[in-house]
Amino acid sequence: MSAEPSAFARLGGFSSTGIATVLLRGTVPGLLVLMTALAGTCLRSHAESLSVFWAANAVLLALMLRRRDFSTPLGWASAVAGFLVADAWAGTAPLRILLLTTANLTGVTAGYLVLRRAERDDLTLRTIASALHLVAGTAAAAIAAGLAGAVAHRALFGSPLSEGFAYWFVTEFANYIALLPVLLTVTPPSRADLRGISPTRIMPLLTTLAGLLLEPVIGGPGALAFAVPGLLWCALTYSVAATAFLTCLFAIWTFLTLTMGLSPFNIAATEHDLISLRLGVTLVALAPITVATVMSARNAMLREAAAARAAAEAAMASRSLLLATMTHELRSPLGAMIGLAEVMSRQCHGPLGDARYLEYVGSIADSGRHLNVLVTDLLDTAKVEAGRIELTPEPVSSRRLVDQALCLVRGLAMDARVSLTVVPGDWPDVHVDARAIKQVLINLTSNAIKFSPKGATVTIAAESGPARMTIRISDSGRGIAPDELRQLGRAWTQAGEAASRRRGSGLGLALSMQLVAQHGGRLRLESTPGVGTIAVFDLPRDV
């Protein structure tokens, strides 16, 4: 036997499974409409009246929005058949069936045309604008139904068009607002939802049910608001679907008690009063639904922000670990390169034979020292960012720290022909991590030397306060423009001309700021172009 599809399958594209799928999608809308419409006809007070609560329109609209594969010509045709069969089953006259079915389908079609363009998150009430989309779609459906219903109302009951429009508009708007949020958001409960039930989470539900039960007990016009606190509490606590279900329960309960003569509101049973109260119930129901959608969108944004923050922290930790590992691996060969270059430059094992070799090894040594400083700054920066630098503050002489730092940069100052001066004065003991602050002093003094002209002087001065002391390191270089000064302090950020920028990386200043901040202080730069720059930072005194 051949494995190729039959000619029938090739031409028509149908199989037994395909035919079953088409029939299912074509009959489900009609069956749902039939069942809900029959339930609605059972809620008529007598054969010639309209239903107390008509759910068929909202059910059909929700099905077509949630399952677009049902929105086919066959699906809509079966829905029409569902309306017709339900009314015929209830013994409704043919003209009445035609008018009512036309009004129902007009409203559903208008709502579908407005809401079908909405995003799925808007339809399922997951965004802040979801409530606006819901009101726009339901209002469009109610207006369309009101226009068609006004004609039906006049033909069936002889009412003025304005009264017919008002009745149909308010009734359809109320039915849609009560049912559509539930039908668009309902999902089967998960095990996590069931496990999350606790006495504390049940309290909003109990409060809402208590408000509903108190409506007929206490009565009066204020009974309409008895369930509102519980519904708002539910909106702040539960999901949108759960809040929509409880809001639907509130609306249906109030509509049934109102229309069937069990109203607790003590109002005159005129059509105008019933329409007004029905509209009021609808607007009250919108409040918890709106709050629930806003809370849902807010919680989603908070979860996204938390996930983004966790990802950023993980990325920073990985970056810091990479920097720490890289710099650690580079330091050993750099140290060997510098050491061998220095041995060669000193000709410890005899002359090299050519003066150019001395120039070469000198360049190697200078480059190695520069790379070593850069790698050290990278390593310290990575440790600070990863939180792996642990300071051990202890009492130490501030003047001693300055003298030790100057000893390490004096060779750089001699090569640059820059003088170093420490202003005499009060140099108190400070309570700091000596290694960290010595690194700050070396970085700041080295920067001052690098950017000072030949013959200039770098000055280090101190100013002592009751709890902290301030150290100022001044140079007489080119200075820094105000717009560039604001950018300094970030890694790899430098100021000045390109030639001067090649002499550093910007890591030293960024690291120094972080180390001073860890001592509870602040490092800032004060500069005047053409005059010079002053680096100022404060340290805690040992008191």
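Reader: What makes the crossing of α7 and α8 right-handed?
Author: The crossing of α7 and α8 is right-handed, a label used if the near helix is turned clockwise from the far one by less than a right angle, with anticlockwise being left-handed. By class, this contact has 20 nonpolar, five polar and two charged residues. Nonpolar here covers Ala, Val, Leu, Ile, Met, Phe, Trp, Tyr, Cys and Pro, charged covers Asp, Glu, Lys and Arg, and polar takes the others, Gly among them. Bear in mind that this is a predicted model, where local features need pLDDT of at least 70, side-chain atom pairs need 80 or more, and totals for chains, interfaces and linings use all residues. Residues are numbered from 1 along each chain as its sequence is written, and side-chain values use heavy atoms, without hydrogens and water.

Reader: Why are α5 and α8 called oblique to each other?
Author: They pack at about 55 degrees. Under 35 is roughly parallel, over 145 roughly antiparallel, 65 to 115 roughly perpendicular and the rest oblique, so α5 and α8 are oblique.

Reader: Which residues of α5 meet α8?
Author: Among them are Leu-100, Ala-103 and Asn-104, and on the α8 side Trp-168, Tyr-176 and Leu-180, where contact means heavy atoms within 4.5 Å.

Reader: Why does Cys-42 count as exposed?
Author: Exposed means over 50% relative accessible area, buried under 20%, and partly exposed in between (1.4 Å probe, protein chains only). Cys-42 has 65%, so Cys-42 counts as exposed. Cys-407, at 57%, is therefore exposed too.

Note on methods
Helices (H or I, at least four residues) and strands (E, at least two) are DSSP runs, numbered from the N terminus. Axes are lines fitted to C-alpha atoms, for helices over the stretch in contact, and angles run from 0 to 180 degrees between N-to-C directions.
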